[in-house]
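Please read them with the structure open.

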Amino acid sequence: MDNPDLKPDTLAAQALGWIDEKTRAISPPIHASTTFIRDPDNQYRSGRGYMRADNPAFDQVEALLARLEGGAQAALFASGMAAATAVFQALAPGDHVLAPKVMYWSLRNWLVSFATRWGLQVELVDMTDPAAVRAALRPGKTALVWIETPANPLWSITDIAATAALAHTAGARVAVDSTVATPVLTQPLALGADLVMHAATKYLNGHSDLLAGVLVTRSDDDFWKRVKTVRAQLGGTLGSFESWLLLRGMRTLYLRVRCASASAQRIAEHFAHHRHVEAVLYPGLRDAPGHEVAARQMRGGFGGMLSLRVKGGEAAAIATAAHVALWKRATSLGGTESLVEHRASVEGAGTPAPPDLLRLSVGIEDADDLIADLGQALARAHG
Ligand SMILES: Cc1ncc(COP(=O)(O)O)c(C=O)c1O
């Protein structure tokens, strides 16, 4: 599918149109071999030696992801965390990095514990405020600015283009956790980012049955080579079957994300002025902080994630979650089924999630069914 005019929906639906040359199969074979033959003259002309470094099962998935993100190359990892931490471990101890105050909780914990002990100077900033970013950047010293947008669990929006411009002026790279936006709604590389990261566990796979991560780079530079070396040496490499499942899931990525986004918008608007709801946090709402930036940098929707602040505080929020029938009480996001969770319970002390907050991951069920179920749960919790 070399035609540059083909739409991303088409590229994803046909997984770049590749077929297996030997069998003419449309779905690729699953390569299970951990090791590859060396040529008699002691060379590895196939380019492959051992599966921890690389795997033929990655080729099609990585090529598709690089194309959808408009990058030079992609690399698959065993989880979103393995992908994200590989970026930080490709830096050098002593490097200064900026990360958002509001971001995926486990990565934030890793940054302030392990990464700090390992020697990175991690500074958490309000990434939604370009003035705060400008003030925190140390030209020549800041090596990386990490962005997550929309960011867990408040769905705060960071202006990727403005932040990248500031970071580049200071000589820093920019990486964007685009898990929630997906390539369907946002193109961070086109907005100036150097790297894009996804927890492919979420929307890219889309079926809550696989743990995977991916990085996509704007250019195949020395930093990218270090990232690939981290993967090969630390072994956070994806398995063959998981790669195959991910490619299968991605064939429906565009359908799923558009559906979840449209339903999330309807759900947000429905509950925005509900008598049992204090506030709805969703960048698609006109009065949401960051709405204007989101409308500029997201195309075709604002994503499938939103949060409700339930009137009556923590007890009412937990009671609402207890009374849902259709929504599933579970962590994670981006699957076909809608999920609800009391986020402060997951994140614990120091969380930016207020105690009355329920995090919602909207799936691809009928939006009216989801609204009705949440409505009856709120009514029963306030009964
Ligand atoms: C925004 C975001 N980034 C990264 C991750 C980590 O991904 P994984 O669970 O695949 O390690 C998650 C997981 O919830 C996430 O929501």
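1. Arginine 343 and glutamate 347 form a salt bridge through their side chains, with an N to O distance of 2.8 Å. The model is predicted. The two residues lie four apart in helix H13 (residues 343-347), so about one helical turn separates them. Arginine 343 and glutamate 347 are both buried. The pair also belongs to a network: salt bridges with shared partners join Glu341, Arg343, Glu347 and Arg359.

2. How many salt bridges does the count come to? The count is 16, taking a side-chain nitrogen of Lys or Arg within 4 Å of a carboxyl oxygen of Asp or Glu. As background, side chains of opposite charge can pair when their charged atoms come close.

3. One of the salt bridges is between arginine 296 and aspartate 159, whose closest N and O atoms are 3.2 Å apart. This pair links distant parts of the chain, the two residues being 137 residues apart. Arginine 296 sits in helix H11 (residues 291-297), while aspartate 159 is in the loop between strand E4 (142-148) and helix H6 (160-169).

4. Are the two partners of that pair buried or exposed? Arginine 296 has a relative accessible area of 58% and is therefore exposed. Aspartate 159, at 15% relative accessibility, counts as buried.

5. Lysine 225 and aspartate 220 form another salt bridge, with 3.2 Å between the closest N and O atoms. Lysine 225 is partly exposed at 42% relative accessibility. Aspartate 220 is also partly exposed, at 39%.

6. Turning to the ligand, which residues come nearest? There are 15 residues around the ligand, and the nearest are Gly80, Met81, Asp177, Thr201 and Lys202. By class, the shell consists of seven nonpolar, five polar and three charged residues.

7. For threonine 201, a polar side-chain atom is 2.6 Å from an oxygen atom of the ligand. Lysine 202 has a polar side-chain atom 2.8 Å from an oxygen atom of the ligand.

8. Taken alone, the ligand exposes 380 Å², and the protein buries 92% of that area. Helix H3 (80-89) and strand E6 (195-199) are the elements that give two or more residues to the shell around the ligand.

How values were computed. Residues are numbered from 1 along each chain as its sequence is written. This is a predicted model: local features need pLDDT of at least 70, side-chain atom pairs count only at pLDDT 80 or more; totals for chains, interfaces and linings use all residues. Side-chain values use heavy atoms; hydrogens and water are left out. Buried means under 20% relative accessible area, exposed over 50%, partly exposed in between (1.4 Å probe, protein chains only). A residue is near a molecule or strand if one of its heavy atoms lies within 4 Å of it. A polar contact is a pair of N or O atoms within 3.5 Å; within protein, one must be able to donate a hydrogen and the other to accept it, and residues adjacent in sequence count only if both atoms are side-chain atoms. Accessible areas come from the Shrake-Rupley method with a 1.4 Å probe; for residues, only the protein chains shown count as cover. Ala, Val, Leu, Ile, Met, Phe, Trp, Tyr, Cys and Pro count as nonpolar, Asp, Glu, Lys and Arg as charged, and the others, Gly among them, as polar.
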